[in-house]
Structures are given as C-alpha cells and as structure tokens.
Amino acid sequence: MRVRSTDPPPGGTDPARAAAPSGTPPDRPDDADDGASHYTRGLVRAQLRLGLACVVSFLAVVALLTLTMSAVPALDQVVVLGVPLPWLVHAYGFYPVIVAFGVVFAVAAARNERRYAALADGAAGPDDGGAP
C-alpha cells in the first residue's frame with residue numbers, strides 16, 4: 001500500500017522528484033488510480049492465462065487429430081468422392097476446431113472483462129453525489 005501526501009510541495013518544486021534517480025521518468029503520473037491499475041493488471045493476467053490455455057488446448061487437439069489420422073491405417077481405406085478420408089480431415093477438418101476454439105476464447109474473454117468490470121465498480125463504491 002502506498003501512502004502519499006495530497007499537500008502541494010512547498011516552493012513549487014517537488015524535492016522527491018528532484019532527488020529521483022536518473023533512471024526514473026521525471027513526469028510520472030500520480031498513482032491516483034492505483035486500485036484501477038490493480039484490477040487492470042489482474043484482467044491482463046487473466047486474459048493471458050485464458051489465451052495460453054486456449055493455445056495449449058488447441059495444439060493438443062490438433063496433435064491428437066493428426067496422430068489419430070496417421071496411427072490408424074484403416075482410415076486410409078475410407079474414400080469419399082475419390083479422396084481418402086485422412087486427406088479430407090487434414091484439408092477441412094481443422095476449420096471447425098479453429099472456429100470452436102475462437103468462439104470459446106471470445107466468450108470467455110468477454111466474461112473475464114465483465115467480471116473485472118464488476119469488481120472494479122464494486123471496489124469504487126457507490127457514488128452518492130456528495131450527499132451528507
């Protein structure tokens with residue numbers, strides 16, 4: 001938790017900024033939205049976890065489908081319109097998988113954003129308009 005003074009600096013200069021190390025930016029914005037940035041970082045982490053989970057799951061499904069096509073020789077005997085079934089699956093079978101993972105990701109990402117928006121709104125508290 002950060003503690004900071006809301007008093008203006010005496011003499012118009014901020015001694016803390018003047019004494020700041022050379023590696024820090026001189027015009028760093030105030031951390032007034034520290035709670036909001038906390039929720040934003042949480043949302044970014046949640047979306048990253050979701051993205052990584054979808055990529056790993058997608059690669060596992062594609063690898064399993066490819067392994068099944070190459071490991072089961074009986075599938076080579078199935079011919080549809082003169083084309084072996086494994087060729088058709090490799091040509092057209094991955095598109096439904098891609099669409100399914102895209103829909104799952106989009107729905108889960110929207111749900112994450114709604115949850116974090118609700119958390120951020122709840123943390124801000126109700127606004128009573130300054131009523132006593």
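**Exercise 1.** Find what share of the 132 residues of the protein count as buried.

*Solution.* Start with the cut-offs: buried means under 20% relative accessible area, exposed over 50%, and partly exposed in between, with a 1.4 Å probe and protein chains only. By this rule, 12% of the 132 residues count as buried.

Before going on, note that this is a predicted model: local features need pLDDT of at least 70, side-chain atom pairs count only at pLDDT 80 or more, and totals for chains, interfaces and linings use all residues. Residues are numbered from 1 along each chain as its sequence is written, and side-chain values use heavy atoms, leaving out hydrogens and water.

**Exercise 2.** Work out in which order the elements of the protein run from the N terminus.

*Solution.* Helices (H or I, at least four residues) and strands (E, at least two) are DSSP runs, numbered from the N terminus. The protein has 3 helices and 2 strands. Their order is α-α-β-β-α.

**Exercise 3.** Classify the 1 aromatic pair found in the whole structure.

*Solution.* Rings of Phe, Tyr and Trp (its six-membered ring) pair if their centres lie within 6.5 Å; planes under 30 degrees apart are stacked, over 60 edge-to-face, and the rest tilted. The ring centres of phenylalanine 58 and phenylalanine 101 are 5.6 Å apart and the planes stand at 80 degrees, so the pair is edge-to-face.
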